Amino acid sequence: MSLISSILSNPIEYLKGVGPQRGELLRKEINLHSFRDLLEYYPFRYVDRTKVDKIRHLSGMEDFVQIRGRIVHMEVVGEKRGKRLVATLQDETGKIDLVWFQGWQWMQKSLRENTGYLVFGRLSQFNGILQMAHPEMDLLTGETATGKQHLEPVYYTTEKLKARGLTAKAIGKLTRNLLEQLQLAEIRENIPAPVLQQFRLMPRAQAFFKIHLPATEEEAKQAQRRLKFEELFLAQIRICRLKIRRHKASHGFVFNAVGNVFNSFYNDHLPFPLTGAQKRVLKEIRKDTTTGRQMNRLLQGDVGSGKTMVALLTLLMAIDNGFQGCLMAPTEILAQQHFKGISELLKDMPVKVALLTGNIKGKARKEILTGTADGSIHILIGTHALLEKEVQFHHLGMAIVDEQHRFGVAQRARLWEKNSTPPHILVMTATPIPRTLAMTVYGDLDVSVIDEMPPGRKPITTVHRTEYQRPQVMDFIKEEIRKGRQAYIVYPLIEESANMDYENLTKGYEEVKAFFPEPKYWISMVHGRQPSEQREVNMQRFITNDTQIMVATTVIEVGVNVPNASVMVIESTERFGLSQLHQLRGRVGRGAEQSYCILMTGNKIGKDSQERVKVMVQTNNGFVISEKDMELRGPGDIEGTRQSGLLDLKLADIVQDRAMLQAARDSAETILEADPDLELPENKPLHDFLATQRSKSAWSKIS
Ligand code: ADP
Ligand code: MG
């Protein structure tokens, strides 16, 4: 082992210039624990201080400038608050005033007349004359006489750190201390040479030095490129290895038979022909379940694309092979709806379906638990309640998770701890995930996509309306109701302030009521703070068309299915993210009628909101929207990514660097295909590097 691994894992306080107190602060404020963390604490920009300008050549159009000269005069001018220190700096071409309004007493003491300085700062104009306020002053020494050798790195810092003297500059100094202790040869390469060559990447050690102390912008760029690639490449290597390992190690149940239950349902009870996409996905699932390996499949399909039918048929495959299946939904309402829908479809079949949620208690609960444990219940549908320890299956073969993004990775993992051989897993999401993100976050899952809508759907018409147009919007809803349709009016929900939401909602409800008086119209109100029975009653009245309008918070976002509803009004659209808007819109357009989504905003809205509204008006395609969402918000905010821990990227940005991500992915796959255990000599650097890395336990939980 080289010396370097021990140096880099040293606690940060051991570094020259740090010590226990600053060490503590660095840990708390910016998460720097070790020398390595500091080495990987990259500057976010650079200031070019390699050039020295001549005073006479300054035009005032420059941003920052650096000059070198002697202070020829210093004096304090002005009265009281206007008091300031003015120092006149002279070089061989001219003179300029340097001014301090704050801290001038201290500057007056520390600056010396007739002494040379390297001066860096921003130019400003005062009465038409150029001056520099609060410049950085470096005493001229051998080193600074010619300007700096390197671009100056600028590091992120915090107020607390600054108060302790850990300014951006001071952090730069610490980094230089560290780099002085390190030898180039001690930082080991971890990317195989052929890959370095193929992508013209700079060696690793060089990249670490150059990213902190580049001589030119180009050098900085190349260093960043190398380290970005490394991040993406290592992440992909890990993900691909996981997948290989899972395929090798995992035992899964074999579903050999396509039997009576599946066939008789398919032939006699299917309410509509499947779309091509539904058929294709079922084939993919079938193939997975015959391999003897555990299936881990993500099913992406836009709202309304018909994922439920795929889920049901998949559960029937399990039953035909002597197994039970379960379907887990994120909300009570959705679980109930699945239960009702599936029970109805299976009513003439010898299949027993049960519902288990937190609200089912006492004797009823006991019966369900018993039926699940003895195998007499074939399909168990429910909420998180399914994850409870007391829920024991007789022989669980297929677990389906609907609307996956509501569940954490860890929760999913608990589902397959229910057997010694894990059940097959199908995770269904209506939040289309951009390809690049899927590659990173779900890289070790197999992905199926339903990219085709059931026939006969009319695309939803989406429009933007402001407060001024509210009366017309209400008239429009009246007209739709007159034609027999129904409407949703949705209010945003901010978690931090449940009370305010509630006020918003009830105020909205009163407003709507004023436009739609009883008994001509009836309104359901549904929100998260209602007792679930009451919520259920209100939902039910809307489903049966006893109420024509549903006023709700986003509790209805997921899964509610009322094909007769043709209008979705979204209030305060500004406050919703794109993917949420898309989800909400998906509540309409489920029947044969033309449907509408009306995005209400204030009369004036910000640029970002405008952009989101524009995207919504322009497209109904969930994948396009998800790409745009990621662009606008950054990948870290896309639901499901944060808890995954997979996006631990310091430099790379999977939106901006998607081409590089693809290249890293291809490269990782090629290497592992040829050499799965990384035994070839050329892969040794990679192999050794991975061996020294802590195992990231979160990763293995995904499968
Ligand atoms: P989601 O993918 O959002 O879960 P659902 O499974 O709820 O979508 O399906 C939406 C609606 O489309 C349901 O009313 C369902 O019965 C209907 N549907 C699903 N597949 C088809 C199909 N192949 N042909 C016609 N209608 C379908
Ligand atoms: Mg659904």
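Predicted model: local features only at pLDDT ≥ 70, side-chain atom pairs only at ≥ 80, totals over all residues.

Guide: Let us begin with a term: helices are DSSP runs of H or I with at least four residues, numbered from the N terminus.

Visitor: Why is Leu678 called buried?

Guide: Buried means under 20% relative accessible area, and Leu678 has a relative accessible area of 2%, so the residue is called buried.

Visitor: What makes the phi of Leu678 worth a remark?

Guide: Most residues other than glycine have a negative phi. Leu678, a residue other than glycine, has a positive phi near 55 degrees. A positive phi is also found at His134, where the value is near 50 degrees, and His134 sits in the loop between strand E6 (129-133) and strand E7 (136-139).

Visitor: What makes the bond between Glu518 and Pro519 a cis peptide bond?

Guide: The omega of the bond that joins Glu518 and Pro519 is about 0 degrees, and the bond is described as cis. Most peptide bonds are trans. Pro519 itself belongs to the loop between helix H18 (498-515) and strand E18 (523-526).

Visitor: How many aromatic pairs are there, and why is the pair of Phe64 and Phe120 called stacked?

Guide: The count comes to 11 aromatic pairs. In the pair of Phe64 and Phe120 the centres are 5.3 Å apart, with 10 degrees between the planes; since a pair needs centres within 6.5 Å and stacked needs planes under 30 degrees apart, the rings form a stacked pair.

Visitor: What does the pair of Phe64 and Phe120 tie together?

Guide: Phe64 lies in strand E2 (residues 64-77) and Phe120 in strand E5 (residues 116-126), so the pair ties together parts that are 56 residues apart in sequence. Phe64 is partly exposed, with a relative accessible area of 34%, whereas Phe120, at 6% relative accessibility, counts as buried.

Visitor: Why is the pair of Phe476 and Tyr596 called edge-to-face?

Guide: The planes of Phe476 and Tyr596 are 85 degrees apart and the centres 4.9 Å apart; because over 60 degrees counts as edge-to-face, the pair takes that name. Phe476 in helix H17 (residues 470-482) and Tyr596 in strand E21 (residues 596-601) are 120 residues apart, and the pair links these distant parts of the chain. Phe476 counts as partly exposed at 27% relative accessibility, and Tyr596 is partly exposed with a relative accessible area of 21%.

Visitor: How do you know that Gln278 makes a polar contact with ligand 1?

Guide: A polar side-chain atom of Gln278 lies 2.9 Å from a nitrogen atom of ligand 1, and since a polar contact is a pair of N or O atoms within 3.5 Å, this pair qualifies. By that rule a polar side-chain atom of Arg457 also qualifies, at 2.7 Å from an oxygen atom of ligand 1, as does a backbone N or O atom of Gly306, at 3.1 Å from an oxygen atom of ligand 1. The protein covers 82% of the 560 Å² of accessible area that ligand 1 has on its own.

How values were computed:
Residues numbered from 1 in each chain as written. Chains lettered and ligands numbered in written order. Heavy atoms only, no water. Polar contact = N/O pair within 3.5 Å; in protein donor to acceptor, adjacent residues only side chain to side chain. Areas by Shrake-Rupley, 256 points an atom, 1.4 Å probe, with all protein chains shown as cover. Phe/Tyr/Trp six-rings, centres within 6.5 Å; stacked < 30°, edge-to-face > 60°. Helix = DSSP H or I, 4+ residues; strand = E, 2+ residues; numbered from the N terminus. Buried < 20%, exposed > 50% of the residue type's maximum accessible area, 1.4 Å probe, protein only.
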